[in-house]
Amino acid sequence: MRARARNTTRALGRRVAHLNMLAAGAALALAGILLIVVQFIALRGALVDDLQVQARIVGSNSSAALLFQDRRAGAEILAGLAASPNVQSAAIYGPAGALLTSYQRLPASAVPAAAPPLPAPHHQFSARHVEVTEPVVANGARIGTVLIRATMAPLYERLASFTGFTLVVAAGSYALAWLLVARMRRAVQRAEDHLHYLAHVDPITALPNRNAFNDKLATALEHADRQETSVVLLLLDLDNFKVVNDTLGHNSGDALLQMVARRLTDTLRSTDVICRIGGDEFVVIVEPHEDETEPDAVARKILHALAAPFQLEHHLLYVSASIGVNVYPQYAHDEQALMRGADTAMYYAKNSGKNDYETFKPEMEQLARKRLKLEANLRRALERNELSLHYQPQIDVRSGRMTGLEVLTRWTCPELGPVSPAEFIPVAEESGVIVPLGRWVLQTACRQAAAWHRAGLLDEISHVAVNLSACQTRDSDLMADVNAILGETGLPPALLELEITEGVLMENVHANLALMQQIQTAGIHLSIDDFGTGYSSMAYLKRFPIDQLKIDRSFVNDVPGDGAAIATAIIAMAHSLNLKVVAEGVETEQQVRFLREAGCDVMQGYYFAKPMAPEVLERLLSERRQFLAA
């Protein structure tokens with residue numbers, strides 16, 4: 001659509017340029033004609049002035065001849081006009097108009113036989129001649145008349161020369177103007193082409209950018225409507241691309257984007273449209289879509305193409321993508337709906353573990369709206385005091401008594417009702433709400449724990465565990481907030497335990513190592529949560545100033561059974577590093593028996609107690625219940 005508009009604009013520009021040149025040519029022609037007319041009038045005037053001077057000279061010299069009617073003397077006077085090439089004939093007339101004498105250069109140029117009395121100098125023109133008459137005066141009285149007739153031929157010759165020169169100058173000026181306009185038009189067109197390139201081509205990958213994508217998508221949908229076919233839109237988002245930019249720099253990130261673009265171009269068909277619409281997002285337009293399996297085939301082809309590593313300088317990078325697929329008109333009625341559905345499906349693929357694709361379905365949009373509503377309500381939840389904390393006991397295997405507490409956040413939304421942490425915690429992390437939320441959780445938990453500590457209810461409790469999110473670990477004010485909260489609530493640092501998941505810990509090992517050292521220096525316990533799901537090694541574990549490991553519940557669920565070997569290995573490894581081991585998600589007698597025999601130190605799960613409100617836990621703390629036989 002925009003391409004047609006651009007071509008129409010160019011054609012209109014050419015027509016305007018041609019009309020301007022025609023107008024300039026007409027102006028030059030009119031100016032030339034005016035110059036020729038003015039030149040003609042000037043030459044004719046000069047000729048008349050010259051003839052009048054000659055007539056006056058002849059008149060002053062012929063006074064005596066007129067007084068004495070001396071024809072011979074008059075003829076001699078007129079003979080002097082032979083030196084003037086313009087003069088064809090001349091005559092001297094008496095007072096009554098009778099011819100005294102005449103001069104003729106050629107026989108055909110005869111003069112009138114008589115002249116009427118003329119009171120003043122006079123001249124008249126014809127196409128071929130100009131006649132000038134001058135009275136001859138002596139002693140104040142008119143005694144005769146002098147008439148001189150000259151040809152216009154020399155004037156026309158000079159006028160023709162001037163006209164030719166004028167035409168040459170006008171033609172040269174017009175040609176020069178044409179060349180300048182053509183050159184300027186080419187320069188403008190090059191500038192327009194460059195601006196069009198900048199506006200429609202991504203400078204990094206040389207692929208069409210978002211503006212061009214909008215044009216191409218609109219064209220594809222119009223074509224699909226005419227042909228009654230379909231259009232497939234695939235939205236790609238590179239997984240963890242930010243890590244490349246943060247660790248290797250933006251130049252390396254740009255080089256990686258170029259390699260991804262080349263690989264996509266080499267993989268897909270020439271008829272498929274590939275665009276980069278910003279950041280690490282690419283889109284592919286596939287048309288026409290006739291086979292129902294084609295979207296899946298294209299998505300799998302892209303994932304397979306990106307599976308091979310990228311060689312970037314001395315680094316071997318593995319890049320995957322999350323792909324959202326949407327089909328027009330099956331699941332979208334216009335461009336915005338098509339793009340919105342693909343975006344929704346892409347986030348589903350990313351949240352499902354990345355390196356995968358999802359095809360949009362209408363129910364996804366409903367869930368996306370629900371997520372937006374959830375985020376909007378979550379942002380107001382802190383202000384409205386809708387959040388609360390529950391606590392789940394951690395049981396010491398040897399003594400069978402409660403030895404620790406894990407703080408868990410609960411949210412009851414007036415509009416949505418009770419919302420699971422599995423739903424709102426990821427939304428909080430993506431939206432940035434997790435930082436103020438985490439600060440509130442830490443402050444509220446420390447305030448409650450300090451109150452229990454002052455009441456003597458935590459004598460057998462070694463710590464109260466609070467989870468830290470990935471966003472919180474990257475917050476430069478985290479330790480300042482922790483120390484301020486401990487100072488405000490009066491909770492001993494040794495009673496606080498901070499939990500960081502293994503995955504978050506390994507995102508930026510050096511930065512997190514510095515953070516853990518600050519936590520240890522403050523006298524706060526540190527635990528690695530969800531252990532076994534990340535990529536930490538023994539070398540890192542030896543360096544980390546941690547106090548315990550928490551076995552991920554996915555392994556606990558499989559014991560005794562498939563998870564037994566992993567759970568046993570984690571426990572043995574932790575003990576070799578003098579670390580305590582906590583098993584979370586314990587729900588059955590068999591799991592308790594196995595973990596106890598494997599040497600697990602602490603257990604936590606529904607088998608012992610569900611997460612509970614503070615007032616319920618307070619009664620449990622007062623009872624000092626025995627959960628396991630020692």
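Predicted model: local features only at pLDDT ≥ 70, side-chain atom pairs only at ≥ 80, totals over all residues.
Begin with the domains, colouring each one separately: the domain assignment gives domain 1 as residues 30–157, domain 2 as residues 210–360 and domain 3 as residues 371–622. With domain 2 and domain 3 both displayed, note that their centres, taken over C-alpha atoms, are separated by 38 Å.

Next, select residues 21–42 and then residues 159–181, both of which carry the feature "transmembrane region" in an unreviewed UniProt entry. In the model, residues 21–42 are 100% helix and 0% strand, with the end C-alpha atoms 31 Å apart. Residues 159–181 are likewise 100% helix and 0% strand, and here the end C-alpha atoms lie 32 Å apart.

For the last stop, select helix α12, residues 434–454, together with helix α14, residues 478–489, whose axes come within 9 Å of each other and cross at roughly 30°. Because angles under 35 degrees count as roughly parallel, α12 is roughly parallel to α14. The crossing in which α12 passes α14 is right-handed.

Now show the side chains where these two helices meet: α12 contributes R439, L442, Q443, C446, R447, A450 and R454 to the contact, while α14 contributes D481, V482, I485, L486, E488 and T489. If you colour the contact of α12 with α14 by residue class, you will find 6 nonpolar, 2 polar and 5 charged residues.

Definitions and conventions. Residues numbered from 1 in each chain as written. Heavy atoms only, no water. Domains from an automatic or database assignment. UniProt positions renumbered as here; feature names shortened; annotations may be inferred. Helix = DSSP H or I, 4+ residues; strand = E, 2+ residues; numbered from the N terminus. Axes fitted to C-alpha atoms, helices over the stretch in contact; angles between N-to-C directions. Parallel < 35°, antiparallel > 145°, perpendicular 65-115°, else oblique. Left-handed = near helix turned anticlockwise from the far one by under 90°. Contact = heavy atoms within 4.5 Å. Nonpolar A, V, L, I, M, F, W, Y, C, P; charged D, E, K, R; others polar.
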